[in-house]
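Okay, thanks for coming, everyone.

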Amino acid sequence: MRNMFARPLAILLAGAALVAAAPAVAADYPAKPVRWVVPYPPGGTTDILARLIGDYLSRHLGQTFIIENKPGGGNNIGTEFVARAPHDGYTVLLVNPANGINASLYKNLKFDLLKDIVPVAGITRVPNVMEVNPNFPAKTVAEFIAYAKANPGKVNMASSGTGTSVHMSGELFMSMTGIKMAHVPYKGSAPALTDLMAGTVDVMFDNMPSSIGFIQGGKIRPMAVTTDARSKTLPDIPTVAETVPGYEASAWFGMGAPKGTPAEVIAKINKTINEALKDPQMIARLADLGGAPMPGTPADFGKVMSDEVAKWKKVVEFSGATVE
């Protein structure tokens, strides 16, 4: 009789141990430094935001969140690295607009964003800025369109990489205005901004956080913001939509993790990021960068991810852009 019940009892005890261990995973996490992969070089918006939130997480979770820049492949090298990383909570991804765009722009990706990366938390949503070198002859969006039409193919449009929101915001602008610009992709916003300030390229639709300091310093001239409403950070700068009705684009950022990362770990990081987004100093810092907090549950950020994949699929198809 004892032997007949021994195995079922052992199974029940093992199951109970697993249930008891689940909260312990979160309680002990993180027990070592966490790698936060940013798929761009230092200096751009993704890097700025990761370091800002990473510092808060390091201070409040007791372990360092190490920002690891893995640029290249239009954001895909860093994303694939995280998708293939151990799902133990010690490798996470700075999810950004390029992730939503690349899902349809690239035809041979070795990962599926919505299947291989699980949402952890949203961070912020910011406008892009249509900006030019201060010496560029056009002063308004209407003048820019007229100049580009009068000089077809002679206007150079910089971006932080093929398939980024910076690139696709420009593609959307071209498709809606009928102008043609030569796309010049860089490995991140920082080198693109350097050439924009030098006059090597003419225009860029950059994420506001990486450009705002140069705009305020007079090294770059903002022409318009890409959201459907004016930005509180640049209240005197019009929207693109005021000249091109229906135009809208914005950049969104958050954290993702490899599929299979323990739900308890995700919940703990999500809780801490949401606390960060309520912190007055953090809110002020995000406002300085032109962004607004995007708090919520992992499921909330998951909806943002899926909605953006669907939105940019239409833009990619409309533009005809594709990368093998």
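I'll start with the cavities, go on to a pocket, and end with the helix pair.

First, some ground rules. This is a predicted model, where local features need pLDDT of at least 70 and side-chain atom pairs count only at pLDDT 80 or more, while totals for chains, interfaces and linings use all residues. Residues are numbered from 1 along each chain as its sequence is written, and side-chain values use heavy atoms, with hydrogens and water left out.

So, what do I call a cavity? On a 1 Å grid over the protein atoms alone, a cavity is a set of points where a 1.4 Å probe fits but cannot get out. A pocket is an open set with protein on both sides within 12 Å along at least five of seven lines, and lining residues have an atom within 4 Å of a point. Grid points are joined across faces, edges and corners, and a volume is the space filled by probe spheres set on the points.

How many cavities of 30 Å³ or more are there? The count is two. The largest cavity holds about 100 Å³. It has 13 lining residues, and those closest to its centre are Tyr40, Thr46, Ser160, Ser189 and Asn207. By class, that lining has four nonpolar, nine polar and no charged residues. For the classes, Ala, Val, Leu, Ile, Met, Phe, Trp, Tyr, Cys and Pro are nonpolar, Asp, Glu, Lys and Arg are charged, and the others, Gly among them, are polar.

The second largest cavity is about 30 Å³. Its lining has six nonpolar, two polar and no charged residues, and Val92, Val120 and Ile269 are among them. Helix α10 (residues 263-276) gives the most, three residues. Helices here are DSSP runs (H or I, at least four residues), strands likewise (E, at least two), numbered from the N terminus.

Now the largest pocket, at about 260 Å³. Of its 15 lining residues, Ser231, Lys232, Gly290, Gly291 and Ala292 are the closest to its centre. Charge does turn up here: five nonpolar, six polar and four charged.

Last, the helix pair. α2 (45-61) and α11 (residues 280-288) pack at about 175 degrees with axes 12 Å apart. Axes are lines fitted to C-alpha atoms, for helices over the stretch in contact, and angles run from 0 to 180 degrees between N-to-C directions. Over 145 counts as roughly antiparallel, so that's what α2 and α11 are. Leu49, Leu52, Ile53 and Tyr56 in α2 meet Met282, Arg285 and Leu286 in α11, contact being heavy atoms within 4.5 Å.

Definitions and conventions: Angles under 35 degrees count as roughly parallel, over 145 as roughly antiparallel, 65 to 115 as roughly perpendicular and the rest as oblique.
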